[in-house]
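Me: Can you walk me through this one? I'll ask as I go.
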4 protein chains.
Amino acid sequence: MATAGERQKHLSSLELKKLVVERLARRGVSLEDMAALVYFVQKKYIDRLTMEDCRSSVEHVLEKREVQNAILTGLSLDEMAERGFLEEPLSSMVRSDDGLYGIDEVLALSIVNVYGSIGLTNFGYLDKMKPGIIGQVNDRKGKKVNTFLDDLLAAVVAAAAARLAHRDRDGCLLLDDGAAACSLD
Amino acid sequence: MATAGERQKHLSSLELKKLVVERLARRGVSLEDMAALVYFVQKKYIDRLTMEDCRSSVEHVLEKREVQNAILTGLSLDEMAERGFLEEPLSSMVRSDDGLYGIDEVLALSIVNVYGSIGLTNFGYLDKMKPGIIGQVNDRKGKKVNTFLDDLLAAVVAAAAARLAHRDRDGCLLLDDGAAACSLD
Amino acid sequence: MATAGERQKHLSSLELKKLVVERLARRGVSLEDMAALVYFVQKKYIDRLTMEDCRSSVEHVLEKREVQNAILTGLSLDEMAERGFLEEPLSSMVRSDDGLYGIDEVLALSIVNVYGSIGLTNFGYLDKMKPGIIGQVNDRKGKKVNTFLDDLLAAVVAAAAARLAHRDRDGCLLLDDGAAACSLD
Amino acid sequence: MATAGERQKHLSSLELKKLVVERLARRGVSLEDMAALVYFVQKKYIDRLTMEDCRSSVEHVLEKREVQNAILTGLSLDEMAERGFLEEPLSSMVRSDDGLYGIDEVLALSIVNVYGSIGLTNFGYLDKMKPGIIGQVNDRKGKKVNTFLDDLLAAVVAAAAARLAHRDRDGCLLLDDGAAACSLD
């Protein structure tokens, strides 16, 4: 149903990443907030891990189109629920973060899976304990609808941590030599 | 962010099923349309399969809350894209059924998984070949946004077929005796 | 490659459940061990929850063929690694529970998904914190290979808890009246 | 349960890829076999696609540790079933490729997901139609156990095709200029 005007040039994955970072900022979340949680989760396994490694890993996760699409869709559902644009009973389920509504976890899982199943455990742990920015967006739920946002953040952090675990094994962290054997992603 | 007025009694799974059937009807899809595809897919494996078995299986799939939530969310995204309520670039991706936008498959997968991974192959096949009602809703894409709908239908049919395969093994189809050993679902 | 002798009658889902319970017992895990964790996880959400509800829910989860197949396959991989039947490098990965080997999580996820995505968070939390029997089988890892077992247990518990959450909403716990509206599973 | 002798240096992702290619060759499958199917699936969408793009994409998919682990585990299960090392009833299920045994699809899905959900439809279609090498390994099932192998191949091909679709959108195929904006993977 795309009309002529809509048939615009598709955005590249880097352009989409920039836009996703802006949308997250609109919901009160920065790259630094997410990088800090990656450091919190992964530092105990990788001794020489730096905050710069963590920030870089979050940025690479946000360059993946599957991740971008999950975030844009989830934030859109949160915002439409906030404005009252969703029909009942979906509106109440999303607005109240109904415990039996699991589509937020479904979108989050599609993010985690891009870096392999080893991120699943961290995702669940982060979603339950809600440290750092995840807890902050959860606490804003009185005024905002953040039903999708907190799960999406836990998923991005878990994926970025899994990516670092894979790269550490291959000697591909930022400060490593021998980066020739490492793919950029 | 639920307000007092919203804190209504939660709908039961049977009430939600009724509502999901109505929403599918609003998008031009009936239980019979889906049952016919289940019969088409599964008849070659279960000789004594009846259309009544197929319709009953579709109805049981639609009683699962995970399935209901995926359908309500997907149809809502289709309808909001149709009305122009989604922000760019999500709006164009959903309206044009962009091949790189896979969130429709993500929601569909959460439906298939409820009856086990054996439905995956049928889901992919149905989504590619688009027989019956799946092709019809796909053909309406000039006038309607059915980006989520066709994947959701393929998933419901694949799940209902997988459910029948499991029940056939256990002697639990409608005409079987010994139904005592069979769970209702 | 089934030979004539192998073309035996397929086992029913109830026969397979009995066998799965025996195999879990062989690895030192009882139904009560799993039911206790379900109670631990879900009691805070369902005030009138009984241990009998929890045990019944674990039993229903173990009647699902997808769950049975994941458990039989995972336990088989643990036992073959233990006996030294796996080829390198898979043998070392499974024997040492390599943090980058995520196939145990992949099998676990297929169990959780049968009761919907709402179990994902509990799965990750249980897999990280390892309470009760999950911690016990993890502690035996010096003598046994339990790489798959601990993830499988976390998944069964998370699925059984998710099942109870769905049934509680519909008034279908063991002590509820009006069970007529409830499917047996 | 890793013993001292086993605590060997972990293999890098490139070393594991080499080993996976050898194991696939042992089961009668070459990189060219898989590249040909990627071309078959994706040529209609990317006009300037070359066989070299397809082969390169298969190689990149095989560099992912999640993919390597799924393949090593699945092939190991096929081979152990072939040698009669699996216990009943798992042995019969794997040897006969029981239609209700879906763990082969579960492992395959973990491969597809690494390149996003857009590969799901192609996976199901390939698994159903069994073109090229997938049909050939399926036809060998009288003499060999290839229960996992055919699903794994369909998954690698679907993932490699999804990867090409993403890269084509970003102008990152082999012959494209401007590769500076493209990650190596």
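Me: What area is buried between chain D and chain A?
Reply: About 1,800 Å² in this predicted model. Carbon and sulfur atoms give 47% of that area. Buried area here is the accessible area (1.4 Å probe) that two parts lose on being put together, summed over both.

Me: Before I go on, what are the ground rules?
Reply: Residues are numbered from 1 along each chain as its sequence is written, while chains are lettered from A and ligands numbered from 1 in the order in which they are written. The model is predicted, so local features need pLDDT of at least 70, side-chain atom pairs count only at pLDDT 80 or more, and totals for chains, interfaces and linings use all residues; side-chain values use heavy atoms, with hydrogens and water left out.

Me: OK. How many residues are in contact on each side?
Reply: 20 residues of chain D and 21 residues of chain A. Contact means heavy atoms within 4.5 Å.

Me: How many salt bridges across that interface?
Reply: Two. The rule wants a side-chain nitrogen of Lys or Arg within 4 Å of a carboxyl oxygen of Asp or Glu. One of them pairs D170(D) with R65(A), with the closest N and O atoms 2.7 Å apart.

Me: And by class, what is on the side of chain D that touches chain A?
Reply: Six nonpolar, eight polar and six charged residues. Ala, Val, Leu, Ile, Met, Phe, Trp, Tyr, Cys and Pro count as nonpolar, Asp, Glu, Lys and Arg as charged, and the others, Gly among them, as polar.

Me: Switching to symmetry. What rotation superposes chain D on chain A?
Reply: A rotation of 180 degrees, with 0.0 Å of shift along its axis and an RMSD of 0.0 Å. That is the relation of a two-fold axis.

Me: Last topic. How many helices and strands in chain A?
Reply: Nine helices and zero strands. Both are DSSP runs, numbered from the N terminus: helices are H or I with at least four residues, strands E with at least two.

Me: What does chain A span?
Reply: Its C-alpha trace spans about 55 × 45 × 25 Å along its principal axes.

Notes: Least-squares fit on C-alpha atoms with pLDDT ≥ 70 in both.
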